[in-house]
Amino acid sequence: MRNNLYLLLAALAACIPATAQSHPDALYDEAKVPKYTLPDPLTLQNGDKVKDARTWINKRRPEILAIYQEEVFGRSAAPPAKVDYEVVSVEKQALGGKAVRKLITLSLAGKKVNLLLYLPAEAKKPAPVFLGLGFSGNQTVALDPGVPLAEEWSIDRVTRKLVHKTAAEDSRGKSTQQWQVEKILSHGYGLATIYCGDIEPDFPGALAYGIRPLFFQPGQTMPLANEWGALGAWSWGLSRAMDYFEKDRDVDAKHVAVFGHSRMGKTALWTGAQDTRFSIVISNESGEGGAAISRRDFGERTKDLNTHFPHWFCANFSQYNDREDAMPFDSHMLLALIAPRGLYVASAEGDQWSDPRGEFLGAVNASPVFELLGKKGLGTDKMPVLQQPIMHDVAYHIRPGKHDVTAYDWDQYLKFADAQWLR
Ligand code: GTR
């Protein structure tokens, strides 16, 4: 009987998608969210007010960045002195002649990472590019037989063992809805993707298969409490892709948007926060540890993150489990680090775990920093209704539907990019 119950539970666990972690005590009642006070992004640690752009750039921004490095994502390795890459192939007639497809191998401290780049075939000048990490191999991004099948990593839900295998042929094009390559190309932009697992597979215990150990000091076996987690490693990989873009004459490296969904949305925010070469940062339902205000007791919480995904953040971050009020930061400060560049935060109504209102309030409370730098913040603290985007230099929308990336989301990001890049 007990055995049967165990099998039933194991079978049920196998059916729960990794992206739908929740727990029975999670709060989803707005009326029950306790009051909280946010730290002021425009007050220096010594108590002085930040009244001008210079003080933000030279003093407050570095203070906040240091807090995030020390206590949240952890310190990353220094950038390499030189970009190490190889352009493996260039196909001028990809996607039925719509795209030039480049396959590039980036070498990250010796570890090979595959960068897939589609550029508009008709481009007369270097093209702006959207860059993002995928949850699975690059072959899932478009129905393009020329993209090699990735070596993918997953975890067997029943045995909890790491599975490493060449992706299945029928996985080609599985994520086209989430990437909308053709729409992106039709706006004259390119799309570049990397499989996150090339940089570090996404499981606790996968450390040894990623890039972080390549930077260990002699004798070191674990990152220190203030050293990067997997999100930091993924982010570092995105910056190396940017190093490559700066060398590719077909890419307009001054106009690169870093995009990410969910955990990759958290990663995109951290990438844009650290690396100011990205001109637009897009957070699609990044939720807790991303755009959502951590102090709000709604949906996922800091402790959930650190329990389910102990490999994502630095070890220091877990000191805030059940102690969000003690944080000398909150998500509005992470978002403020993007200023004065373009910031888009998006939510889905059916994704309450990510706390849509918390994501919106992150953008609201980051807006004063954008405004100090002469940009247009959200301009309201009233959450818009479904599918009524607010599109200033800080942008926000919420759409119906579940935790996902949809064509509607991409339509807004492309409109935002047009407004940011073509003005
Ligand atoms: C969930 C996690 C979220 C979010 C999501 C995803 O399980 O709780 O923070 O990142 O995964 O990446 O899809």
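The following legends describe close-up views of one predicted model.

Residues are numbered from 1 along each chain as its sequence is written, and side-chain values use heavy atoms, with hydrogens and water left out. Because the model is predicted, local features need pLDDT of at least 70 and side-chain atom pairs count only at pLDDT 80 or more, whereas totals for chains, interfaces and linings use all residues.

**Figure 1. The chain as a whole.** The chain contains 11 helices and 12 strands; helices (H or I, at least four residues) and strands (E, at least two) are DSSP runs, numbered from the N terminus. Its radius of gyration is 21 Å, close to the 22 Å that the globule rule gives for 423 residues, so the chain is as compact as a globular protein of that length. The radius is taken over C-alpha atoms, and the globule rule is 2.2 Å times the number of residues to the power 0.38. Along the principal axes, the C-alpha trace spans about 70 × 55 × 50 Å. Of the 423 residues, 56% are buried, where buried means under 20% relative accessible area, exposed over 50%, and partly exposed in between (1.4 Å probe, protein chains only). Among contacts with a separation of 6 or more, 68% join residues 24 or more positions apart; a contact means heavy atoms within 4.5 Å.

**Figure 2. The open sheet of 10 strands.** The strand order is E1-E2-E3-E7-E4-E8-E9-E10-E12-E11, with mixed pairing. Strand E1 (85–94) and strand E11 (390–391) are the edge strands, each pairing on one side only. Two strands pair if DSSP finds at least two bridges between them. Strands of a sheet pair through backbone hydrogen bonds, either parallel or antiparallel. E1 and strand E2 (residues 99–108) are antiparallel, with 7 bridges, and Glu91 stands opposite Arg101 in E2.

**Figure 3. Helices H6 and H7 against the sheet.** Helix H6 (residues 230–245) lies across E1, E2, strand E3 (111–120), strand E4 (127–134), strand E7 (190–195) and strand E8 (251–261), and runs at about 120 degrees to E2. H7 also packs on the sheet, touching E4, E8, E9 and strand E10 (342–348), and its direction makes about 140 degrees with that of E8. Axes are lines fitted to C-alpha atoms, for helices over the stretch in contact, and angles run from 0 to 180 degrees between N-to-C directions.

**Figure 4. Helix H7 in detail.** The 12 residues of helix H7 (residues 263–274) should span 16 Å at 1.5 Å a residue, and the end C-alpha atoms are 17 Å apart, which agrees. The expected span is 1.5 Å times one less than the number of residues. H7 is mostly covered, with 11 of its 12 residues buried; among them are Arg263, Lys266, Trp270 and Ala273.

Figure 5. Leu305 lies in helix H8 and is buried at 0% relative accessibility. Leaving aside neighbours within four places in sequence, Leu305 is in contact with Lys266, Glu288, Gly289, Glu300, Pro310, Trp312, Phe313 and Phe317. The C-alpha atoms of Leu305 and Asn321, 16 residues apart along the chain, are separated by 8.9 Å.

**Figure 6. The Glu285 polar contact.** Glu285 occupies the loop between strand E9 (280–284) and helix H8 (302–308) and is buried, with a relative accessible area of 1%. Its side chain makes a polar contact with the side chain of Arg399 (2.9 Å). A polar contact is a pair of N or O atoms within 3.5 Å; within protein, one must be able to donate a hydrogen and the other to accept it, and residues adjacent in sequence count only if both atoms are side-chain atoms.

**Figure 7. The E5–E6 hairpin.** Strand E5 (residues 151–155) pairs with strand E6 (residues 162–166) in the antiparallel sense over 5 bridges. Trp153 stands opposite His164 in E6. The hairpin has 6 residues between the two strands, and Arg160 in the turn has a positive phi of about 65 degrees.

Figure 8. Most residues other than glycine have a negative phi, and most peptide bonds are trans. Leu95, in the loop between E1 and E2, has a positive phi of about 50 degrees although it is not a glycine; Leu95 is buried, with a relative accessible area of 15%. Gln180, in the loop between helix H3 (176–179) and helix H4 (181–186), has a positive phi of about 45 degrees and counts as buried at 15% relative accessibility. The peptide bond from Ala339 to Pro340 is cis, with omega near 5 degrees, and Pro340 is found in the loop between helix H9 (331–336) and E10.
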